[in-house]
Amino acid sequence: MRPVRERYRVDLLELQAACEANYLRLVRLLPDMREQSAVRRIAISQGDRLIGVLALEVIETCPYTTTLKVSQTHCLPWLPVPSLEVRVYHDARMAEVIGAQNARRFRSIYAYPNAAMHQPDEKAQLNLFLGEWLSHCLACGHEVEPVL
């Protein structure tokens, strides 16, 4: 007999905490994100070797929201290039992933299995991934160009 797996339930407190923490990380990495042309590139190195460059780019600004593209360039050749679209809600002080690769508008819960092969908690996983990515950049990242 197969054990019955309990249905996934969204933990709103955990999701909101992740989105609030992502907002604070983004404010530290891109303080001028409310400007239309704001762009920042953060290099990630291991010793003398450049592993990748995180690019934070403003796509759209509105009075209460900003949409960012967060992507990595100069990746390792065997690693797929990650790219996320993030909506920043300034009034609520939250940042949420709204797009990843070719997918947009994630649901809170997906039936599993499904045609798109999303995990039941895909939205939560993407927001946690963004948080880990930004935390790593804050801890280990540096400016691409040396400061004079």
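Student: Which residues does Leu54 touch, not counting residues up to four places away in sequence?

Tutor: Leu54 touches Arg40, Arg41, Ile42, Val70, Ser71, Gln72, Trp133, Leu134 and Cys137. Contact here means heavy atoms within 4.5 Å. This is a predicted model, where local features need pLDDT of at least 70, side-chain atom pairs count only at pLDDT 80 or more, and totals for chains, interfaces and linings use all residues. Residues are numbered from 1 along each chain as its sequence is written, and side-chain values use heavy atoms, with hydrogens and water left out.

Student: How many helices and strands are there in the chain, and what pattern do they follow along the sequence?

Tutor: The chain has 2 helices and 7 strands, in the pattern α-β-β-β-β-β-β-α-β. The names come from DSSP runs, numbered from the N terminus: a helix is H or I over at least four residues, a strand is E over at least two.

Student: What makes E4 and E5 a pair of strands?

Tutor: Two strands pair if DSSP finds at least two bridges between them. Strand E4 (residues 83-89) and E5 are joined by 6 bridges and run antiparallel, so the pair meets the definition. Tyr89 stands opposite Met94 in E5. The hairpin of E4 and E5 has 4 residues between the strands, and Arg93 takes a positive phi near 55 degrees there.

Student: How do you know that E5 also pairs with E6?

Tutor: Strand E6 (residues 103-104) is joined to E5 by 2 bridges, again antiparallel. The definition asks for at least two, so this pair counts. Ala100 stands opposite Ala103 in E6, while the bridge partner of Gly99 in E6 is Arg104. Between these strands the hairpin has 2 residues, and Gln101 takes a positive phi near 55 degrees.

Student: What is the order of the strands in the open sheet, and which are called edge strands?

Tutor: The order of the 7 strands is E6-E5-E4-E3-E2-E1-E7, with antiparallel pairing. The edge strands are E6 and E7 (141-143), since each pairs on one side only. Helix H2 packs on this sheet, touching E1, E2, E3, E4, E5 and E7, and its direction makes about 110 degrees with that of E5. H1 lies across E1, E2, E3, E4 and E5, at about 95 degrees to E5. For these angles, axes are lines fitted to C-alpha atoms, for helices over the stretch in contact, and values run from 0 to 180 degrees between N-to-C directions.

Student: What makes Ala100 a buried residue?

Tutor: Buried means under 20% relative accessible area, exposed means over 50%, and partly exposed lies in between (1.4 Å probe, protein chains only). Ala100 has a relative accessible area of 11%, so it is buried. Leaving aside neighbours within four places in sequence, Ala100 is in contact with Ser83, Leu84, Phe106 and Leu126. Ala100 lies in strand E5, and 7 of the 7 residues of E5 (94-100) are buried. Of the 148 residues of the chain, 38% count as buried.

Student: Why is the pair Lys123 and Glu96 called a salt bridge?

Tutor: A salt bridge needs a side-chain nitrogen of Lys or Arg within 4 Å of a carboxyl oxygen of Asp or Glu. The closest N and O atoms of Lys123 and Glu96 are 2.8 Å apart, so the pair qualifies. Lys123 lies in helix H2 and Glu96 in strand E5, so parts 27 residues apart in sequence are tied together. Lys123 counts as buried at 15% relative accessibility, and Glu96 counts as buried at 16%.

Student: How do you know that Arg40 and Glu143 form a salt bridge, and are these residues buried or partly exposed?

Tutor: Their side chains meet at 2.5 Å, N to O, so the pair is inside the cut-off for a salt bridge. Arg40 has a relative accessible area of 24%, which makes it partly exposed, and Glu143 is partly exposed at 37%. Arg40 is in strand E1 and Glu143 in strand E7, so the pair ties together parts 103 residues apart in sequence. A search of the whole structure finds 2 salt bridges.

Student: Which members of the largest nonpolar core touch the most other members?

Tutor: Leu26, Leu54, Leu56, Leu84, Val86 and Val88 do, in a core of 25 residues. H2 gives the most to this core, with 5 residues. Such a core is a set of buried Ala, Val, Leu, Ile, Met, Phe, Trp, Tyr and Cys residues joined through side-chain atoms within 4.5 Å.
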